[in-house]
Amino acid sequence: MNVITVASRKGGAGKTTLCAHLAALAQSQGHKCQVIDGDPQGSLALCNRLRADAALPFATAERGIDRALAMAQVAGAEWVFIDTSPTMWVVVQEAIRAATLVLIPARPGFLDLDAVRETVKTARERNKPYAVVLNACPVKRGAREAPAVAQSRAYLEREGVPVFAGQISHRASFSLTLAAGASAGEAEPASLAAAEIEKLWRAVEKSVAAINAHYADAAATASLTQGQAA
């Protein structure tokens, strides 16, 4: 089971929006998904309720992340998406510890970039793969990124922080489609918003496949070493 934890110490970074759109896209592509709302504010729960009959399997973290994940595994979930609150309280730390991959949304700007540090520190301490997603960015004009986006990407790269090669732009359709009970990919499949989420999802799938392959190789090597020692 693959667990994608969306975390950021900064409020308003776009955690819920990314989580909801990615989960809906994965579900639409035939994956069995579960969403977990780890934020007491309940924004992901609201997005899921608005989907009505198309709602994804859902849980809260009221009784702990581990319990919610155990129930998802019993239900046969392939992908679990966890939304978190803009804190580093215990539930967020549990969600990071349980993650296959941590996504850290950040708007281009020094306030968001500074807030990235604490989430990165937590992921590193738990030896969890992570990547920053530049979110709510100025829309590209042609192939060129806006100066704020390019500067933010350069800063993260200098700090040795992995960052998604694309961007999620500031588009009204991201919030409007969720409010209408759908994702951008479902409501507006030919839109630029849908294309951006699709690109991010492909990057997530590729990263998770590489992570799982790494752990499988490590387990095989450990098993071989133990066999030789015996």
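Here is a short chat about the strands and helices of this predicted model.

Reader: Let's start with the sheet. What makes it an open sheet with edges?

Author: Six strands line up in the order E3-E2-E4-E1-E5-E6, with parallel pairing, and the sheet is open. E3 and strand E6 (130–134) stand at the edges: each has a single partner strand, so one side of each lacks a neighbour in the sheet. From one strand to the next, the twist averages 20°.

Reader: How do you know that E2 and E3 count as a pair?

Author: Two strands pair if there are at least two bridges between them. E2 and E3 have three bridges, in the parallel sense, so they meet that cut-off of at least two. One example is Val35, whose bridge partner in E3 is Phe58.

Reader: And what makes E4 a partner of both E1 and E2?

Author: Again, go by the bridges. Strand E1 (residues 2–6) is joined to E4 by five bridges, and the two run parallel. E2 and E4 pair over six bridges, also in the parallel sense. Since at least two are needed, both pairs qualify. Val80 turns up on both sides: this E4 residue is the bridge partner of Val3, and Val80 is also the bridge partner of Gln34.

Reader: Why is E4 called largely enclosed?

Author: A residue is buried if its relative accessible area is under 20%. Six of the six residues of E4 are buried, so the rest of the structure largely encloses this strand. Both faces take part: Trp79, Phe81 and Asp83 point one way, Val80, Ile82 and Thr84 point the other way, and all are buried.

Reader: What makes H1 and H2 a packed pair?

Author: Their axes are 9 Å apart and the helices pack at an angle of about 35°. Their crossing is right-handed. Thr16, Cys19 and Ala20 in H1 meet Ser43, Leu44 and Cys47 in H2. The residues of this contact divide into four nonpolar, two polar and no charged.

Reader: Why are the buried residues of H7 said to be on the same side?

Author: Those residues are Ser173, Phe174, Thr177 and Leu178. They cover an arc of only 130° around the axis, which puts them on the same side of H7. On the other side, Leu176 and Ala179 are exposed. Gly181 follows H7 and has a positive phi, near 85°.

Reader: Last one: why is Asn212 called partly exposed?

Author: Partly exposed lies between the buried cut-off, under 20%, and the exposed one, over 50%. Asn212 has a relative accessible area of 34%, so it falls in between. This residue has its place in helix H9 (residues 192–229).

Reader: Which residues does Asn212 touch, not counting those up to four places away in sequence?

Author: Asn212 touches Asn2 and Thr100. Asn2 and Asn212 are 210 residues apart in sequence, but 8.9 Å apart in space, C-alpha to C-alpha.

Terms used:
Residues numbered from 1 in each chain as written. Predicted model: local features only at pLDDT ≥ 70, side-chain atom pairs only at ≥ 80, totals over all residues. Heavy atoms only, no water. Helix = DSSP H or I, 4+ residues; strand = E, 2+ residues; numbered from the N terminus. Axes fitted to C-alpha atoms, helices over the stretch in contact; angles between N-to-C directions. Left-handed = near helix turned anticlockwise from the far one by under 90°. Contact = heavy atoms within 4.5 Å. Nonpolar A, V, L, I, M, F, W, Y, C, P; charged D, E, K, R; others polar. Buried < 20%, exposed > 50% of the residue type's maximum accessible area, 1.4 Å probe, protein only. Arc of directions from axis to C-beta.
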